[in-house]
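Here are my notes on this model, point by point. Please read them against the coordinates.

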Amino acid sequence: MPKKGRREEILAIACRLFSQKGYHGTTIRDISEACGILAGSLYAHINTKEDLLFEITNRGADAFLQSLAPIVESRVTAKQKLKQAVRAHIQVVEANLEAATVFFHEWKALTGERFEQIQEKRDQYEGMWSAILAEGVQEGIFQLQDEKFARLLILSVGNWIYQWYRPDGGLSAEEIADRFVALMLHGFVR
């Protein structure tokens, strides 16, 4: 198998193990055994376990950013952007359930510059959500007392999906997103 293909396989296995056991609970030996190679041979493909964590979380951050950027830049209403953005967020989680678990839970195990790079991407992503909400307020569509808490609510809802969503469940990711958006826009009060 070519080195790049083997590396992708190692990344997928590490992602699965990190999502099941946590980053700190997964050893190099666990990864090498799951790959069917000796621990020493694993180092022909990686330098450190943190390399794997960084690559998984960086790909996750990029997937979220790439899904949201065209929506933020589009010329539709903020209400439409909110619906599309919630859908996009949930679709990224749906398409990458194991990686989403790692992204949401294990990224803080990164150190130094790697931690800062992921934090910067997370901040950029939150900034895009803030832009959608601010646009909705400006358009007179959203009535928000506190944009930060509105953003935190939306992201908390979207980020928790990986815990309970099942692809073979009764609703698609889009249907779940639409139900969440309806609750966000119309609330619970009659």
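1. Glu 113 sits in helix H7, which covers residues 112-139. Helices here are DSSP runs of H or I with at least four residues, strands are E runs of at least two, and both are numbered from the N terminus. The model is predicted: local features need pLDDT of at least 70, side-chain atom pairs count only at pLDDT 80 or more, and totals for chains, interfaces and linings use all residues. Residues are numbered from 1 along each chain as its sequence is written, and side-chain values use heavy atoms, with hydrogens and water left out.

2. Why is Glu 113 called exposed? Because its relative accessibility is 57%. Exposed means over 50% relative accessible area, buried under 20%, and partly exposed in between (1.4 Å probe, protein chains only).

3. Glu 113 also belongs to a surface patch of negative charge, together with Glu 116, Glu 120 and Asp 123. Patch residues have over 30% relative accessible area and no salt bridge, with like charges joined within 9 Å. A salt bridge is a side-chain nitrogen of Lys or Arg within 4 Å of a carboxyl oxygen of Asp or Glu.

4. Charge overall: the protein has 23 positive and 25 negative charges, and their mean positions lie 2 Å apart. Lys and Arg count as positive, Asp and Glu as negative; His and chain ends are not counted. Each charge is placed at NZ of Lys, CZ of Arg, CG of Asp or CD of Glu.

5. The fold has 9 helices and 0 strands. Its C-alpha trace spans about 60 × 40 × 30 Å along the principal axes. Of the 190 residues, 42% count as buried.

How values were computed. Patches are made of residues with over 30% relative accessible area and no salt bridge: like charges are joined within 9 Å, nonpolar side chains (Val, Leu, Ile, Met, Phe, Trp, Tyr) within 5 Å. Accessible areas come from the Shrake-Rupley method with a 1.4 Å probe; for residues, only the protein chains shown count as cover.
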